[in-house]
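Look at the model below with aromatic rings in mind.

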Amino acid sequence: MSANSSLSSSRITLALLATAVLIFPLLAAPFGNAWVRIADVALLYIMLALGLNVVVGFAGLLDLGYVAFFAIGAYLAGLLSSPQFAATIESLQLDFPVVGAWVTEWVGPVIAAQGIHLSVWLIIPLAALVAGLAGALLGAPTLKLRGDYLAIVTLGFGEIIRIFMNNLNGPINITNGPQGINLIDPVRIGGVSLAGEAGVVRLGDLSIPSVNAYYYLFLLLAVATIIFSHRLQHSRLGRAWIAIREDEIAAKAMGINVRNMKLLAFAMGASFGGVAGAMFGAFQGFISPESFSLTDSIAILAMVVLGGIGHIPGVVLGAVLLAALPELLRHTVEPIQMALLGQVWIEAEVLRQLLYGLALVLIMLARPAGLWPAPQREQQAHTEAAA
C-alpha cells in the first residue's frame with residue numbers, strides 16, 4: 001500500500017512540475033521577455049550539462065574543455081547558415097585567386113555572393129558528428145591520463161579551440177576572428193521562422209513572442225536529451241562506463257574494452273555539446289569567441305558537480321540553478337540595496353559575482369555530494385562524513 005502511495009505521489013509531483021514548466025512563459029509574461037530568454041538559455045545549458053555528465057558522471061573522466069564542443073557546433077551553424085561562407089570565398093579570391101575561382105565555380109555564383117543558408121535541422125546531425133569526432137580526437141591521446149593530468153590536457157584543448165576561432169580570419173577568413181559571425185539564420189519549422197517579425201511569431205491568428213517559441217522548442221529538445229541520457233545510463237554501455245568510473249582495473253579484468261569505452265564517452269558527450277552549440281547559434285543569431293571561454297567550461301562542470309555527479313535529475317537541477325542564479329542576482333542586487341540602504345553601495349556586477357561564488361561555496365559545504373545526488377552517492381557521503 002505504501003509503495004502504491006509513493007508511486008501516486010511521484011506521479012502527482014511530476015504532473016505538477018510538467019504543468020509549471022509548460023505554463024512558465026505565461027506566468028513570466030507580465031515581467032517581460034527577459035525571464036523567458038533566461039529560461040531558454042537554461043534549457044540549452046541542461047543539454048550541455050547532460051552531455052558533460054556522460055563524460056564526468058558516467059565514465060568518471062574529468063573534462064575542463066567541454067565548451068570547445070559547444071563552440072564547434074555554434075561555429076558550424078554560423079558558417080553554414082549565414083553570409084560568412086561568402087566572406088570566406090572572398091578572402092580566397094583575394095589571397096589565392098586560382099583556388100578562389102575554382103571554389104566559386106564549384107559552389108555557384110549564388111552561394112559565392114550570399115553564403116550557405118543550410119537549414120538548422122540539417123546542421124544539427126552534422127554538428128553532432130563533427131563534435132563527436134573532435135571528442136574522439138581529444139580522447140585518443142589522453143587514454144592513459146587520469147585525474148589532474150586529464151583535466152589539464154582537456155583544459156588546453158578548450159583554449160586551443162577558442163584561440164583558433166579567434167584567429168581564423170586570415171589569410172582565409174573562416175570565423176571572422178574576434179568580430180564573430182553575425183546574421184545567422186534562425187530556426188524554421190514548417191517555413192515559419194521562430195525569430196518572427198519584430199520579435200513576434202505569427203501562426204495564423206495566433207501570435208506569440210519569439211522567446212516563447214524558442215522556449216518550447218528547447219524544452220522539447222531538453223526532454224529528449226533527458227530521456228536519451230536515462231536510457232543510455234541503464235544500457236550495457238552506461239553500465240560499462242560506470243564500472244570504469246568505479247574501478248578501471250576491475251572493469252578491464254571483467255573484459256570491458258576500457259580504451260574504446262573512454263573514446264565513446266568523449267565522443268558521445270561531445271555530440272551533445274555540438275547539438276546545443278548549433279541551436280545556440282541559431283537562437284542568438286551571433287557568435288564570437290568570448291562566448292566559449294574557460295569560465296563557461298568551468299560553469300558547465302559546476303552544474304554537474306553542484307547538482308549531483310552522475311544523477312540526471314540532479315544535473316538538470318544544477319543546470320537550471322546556475323544558469324538562472326547569475327541573471328536573478330543581476331536584476332535584484334541593485335533594487336535590494338536601494339530598498340535597504342537608500343543607495344547603491346556596490347555595483348551590480350561586482351556584488352553579483354561575489355554572491356554567486358559565495359552561494360556555490362555554501363551549497364557545497366552543506367551538500368558535498370550535490371543538491372540532488374544519486375541515493376548511493378548520498379549514502380556514501382554520509383558514511384564518509386560520519387567517519
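Buried means under 20% relative accessible area, exposed over 50%, and partly exposed in between (1.4 Å probe, protein chains only). This is a predicted model: local features need pLDDT of at least 70, side-chain atom pairs count only at pLDDT 80 or more, and totals for chains, interfaces and linings use all residues. Residues are numbered from 1 along each chain as its sequence is written, and side-chain values use heavy atoms, with hydrogens and water left out.

**Aromatic pairs**

- The structure holds 13 aromatic pairs. Rings of Phe, Tyr and Trp (its six-membered ring) pair if their centres lie within 6.5 Å; planes under 30 degrees apart count as stacked, over 60 as edge-to-face and the rest as tilted.
- Phenylalanine 70 and phenylalanine 292 have ring centres 5.5 Å apart and planes at 75°, so they are edge-to-face.
- Phenylalanine 70 sits in helix α3 (residues 67-80) and phenylalanine 292 in the loop between α12 (258-284) and α13 (294-307), so the pair ties together parts 222 residues apart in sequence. Helices (H or I, at least four residues) and strands (E, at least two) are DSSP runs, numbered from the N terminus.
- Both phenylalanine 70 and phenylalanine 292 are buried.
- Phe70, Tyr75, Phe280 and Phe292 form one aromatic cluster.

**Strands**

- Strands β3 (residues 200-203) and β4 (residues 206-209) run antiparallel, joined by 4 bridges. Two strands pair if DSSP finds at least two bridges between them.
- Valine 201 stands opposite isoleucine 208 in β4.
- β3 and β4 form a hairpin with 2 residues between them. Glycine 204 in the turn has a positive phi of about 70°.
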